[in-house]
Amino acid sequence: MSALMADAAAKQPVVTLLRAHLACARMEFRAALTYRTAYLSSFAMMLLQIWLLTVVWKALYDGREEVDGLGLTTMTAYATLTTLQYHLVSPWRSSPIDQRVREGKVAVDLLRPVGFPGQMLAGQLGWASAAVPVLLVALPFALLIGAGQAPASTAAGFAYPVALIGALLVNQLLGLLLGMVSFWTLEVSGALMAYRFVAQFFSGALVPLWFMPGPIRAAAEWLPFQATAYTPAAVYLGQVEGVGIAAALGVQLAWIAALGTLASFVWSRARRRVLSQGG
Amino acid sequence: MRGPRVYLLLAGAAFRAEFQYRGNLFINIIGGLFYQGVGLAFIWAVLDRFGQVGGWGLGEIAFLYGMRLTAHGLWVLPGHQLIHVDEVVIEGEYDRYLVRPVSPLVQLLTRRVRLSSLGDLAGGSALLVIASASAPVDWSPGAVCFLLLAVVGGALVEGSLQLAASALVFRMKRVSPIKFAIDMIFSDFGNYPLKIFGPVAGFALTFVFPLAFVAYLPATVLMDRGEELAVPEWLAWGAPGIGVVLMYAAYRFWERQSRYYESSGH
């Protein structure tokens, strides 16, 4: 009996902790849904963007069936897929930290009995998941306007969700790291803007890595951003296969480990620098 | 001529306020450059591999891009504050404008300046100058004059749509999603030769949403590619005039709609 109770006591914190993180995620999920017109119009714009990219790629192919062994249909499917993914995994609104630091709300966050980075990460994931319901609604339209393809193989079909979760984690860890910069300098909006566009370009969301000029491609391969857009799309479309899939997922995992370690190190430094603005 | 003088006075004050934060100024300009740079990076990367889009090479696209971006910067520098029109009306800041002896629109436009627009303007002009050298244009004095007029006209076209959309705020209260959509169409669709979009979208982007007049039409006739246009060439040469007409119409629309202002009661 007492052994059971001790067991329950040991288990309790894990469950509570999980529930606490879920609550953080739910708060941000709701916040994201508050501005409905902005939220919905962003999906109309997403469909426009898919149409634009499809037309541009068609014009670029200019009647050719294939360029570098890649068919136009694969390319338009890639553009459609990455544009859809981009709403779930995007460097925009990566972290609420800078705003919370500026408004002094970080003091409340620190008082909560849950670790600060965990709260923020859970919140970011909650915010991102607000895209899921409308993505499901937008999917048929996106396929109508752009181009869809079934996963290249069974293996690709199973590996894709894993790669997508990996992409989400890499992106959110990058966002967390960047958000923590605001413990050292308050004004991050300009730097954040630059970051988003570097991240977007090197993620392969616009130009797939295989069409990037040599040196740019080499840089993209060594940066973490490709793991956030190119990797899942390339897995899905069969541009990496077999051992390649395992390798691509391995690279994602390595980035998650590296960025996670870096984030906990930066946090160990940042927590001593917290300076409340008295909001 | 009291209006322009008051405008310059207020705009000058807004500039001085923003220049107090030098470090931030620099970072904002860089941020503005990056914002527009990613579109150019995309075009550069794919044209490096594909050579042309719709028969236009990198030099021609860069010229088109430069014209569009300069026009955008030229409009956004004075017009950026329209982006805040929602909060100005909802939170009753507009009440204050009404009791001061200066046009409310002028007060709205000069409430702050957004310095990242300097990045757009600087980046656009630099790109335009560089691309002008390699673009297949016969640079007679007349052509240079037309280019300058066309850029100003392009700024007026973009500004007129944003002003007209802002005017809807007096009835709709929230118009920022509409304005973001307009901005996105200008910045994403404006960088490509219009003919790749096909006849229906091409017609719509000329006569329904006048994107073509910002840069595509004037750039095409300047590069002497008039034969690929779906509209008569004189319409392309008249693009700067279209900008003036649209801006005048948008201003009248704003004036009329502003009569429907309801104070939120502060």
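Reader: How are H3(B) and H7(B) oriented to each other, roughly parallel or roughly antiparallel?
Author: In this predicted model, helix H3 (residues 58-79) and helix H7 (residues 116-134) of chain B pack with their axes 7 Å apart, at an angle of about 150°. Angles over 145 degrees count as roughly antiparallel. H3(B) and H7(B) are therefore roughly antiparallel.

Reader: How many nonpolar residues does the contact of H3(B) with H7(B) have?
Author: H3(B) passes H7(B) in a left-handed crossing. By class, their contact has 11 polar and 1 charged residues, and its nonpolar residues number 13.

Reader: Which helix gives the largest share of the side of chain B that touches chain A?
Author: The contact takes 24 residues from chain A and 28 residues from chain B. On the chain B side, the elements that give two or more residues are helix H10 (176-189) and helix H2 (22-50). That side divides into 18 nonpolar, 6 polar and 4 charged residues. Its largest share is 16 residues, and they come from H2(B).

Reader: What radius of gyration does chain B have, against that of a compact globule?
Author: The C-alpha trace of chain B spans about 60 × 40 × 35 Å along its principal axes. A compact globule with 266 residues would have a radius of gyration near 18 Å, which agrees with the value for chain B, 19 Å.

Reader: What percentage of the contacts in chain B between residues at least 6 apart in sequence join residues at least 24 apart?
Author: Chain B has 14 helices and 0 strands, and buried residues make up 39% of its 266 residues. Among contacts between residues at least 6 apart in sequence, the share that joins residues at least 24 apart is 79%.

Conventions: Residues numbered from 1 in each chain as written. Chains lettered and ligands numbered in written order. Predicted model: local features only at pLDDT ≥ 70, side-chain atom pairs only at ≥ 80, totals over all residues. Axes fitted to C-alpha atoms, helices over the stretch in contact; angles between N-to-C directions. Helix = DSSP H or I, 4+ residues; strand = E, 2+ residues; numbered from the N terminus. Parallel < 35°, antiparallel > 145°, perpendicular 65-115°, else oblique. Left-handed = near helix turned anticlockwise from the far one by under 90°. Nonpolar A, V, L, I, M, F, W, Y, C, P; charged D, E, K, R; others polar. Contact = placed C-beta atoms within 7 Å. Rg over C-alpha atoms; globule rule 2.2 N^0.38 Å. Buried ≥ 20, exposed ≤ 12 C-beta atoms within 10 Å, placed from the backbone.
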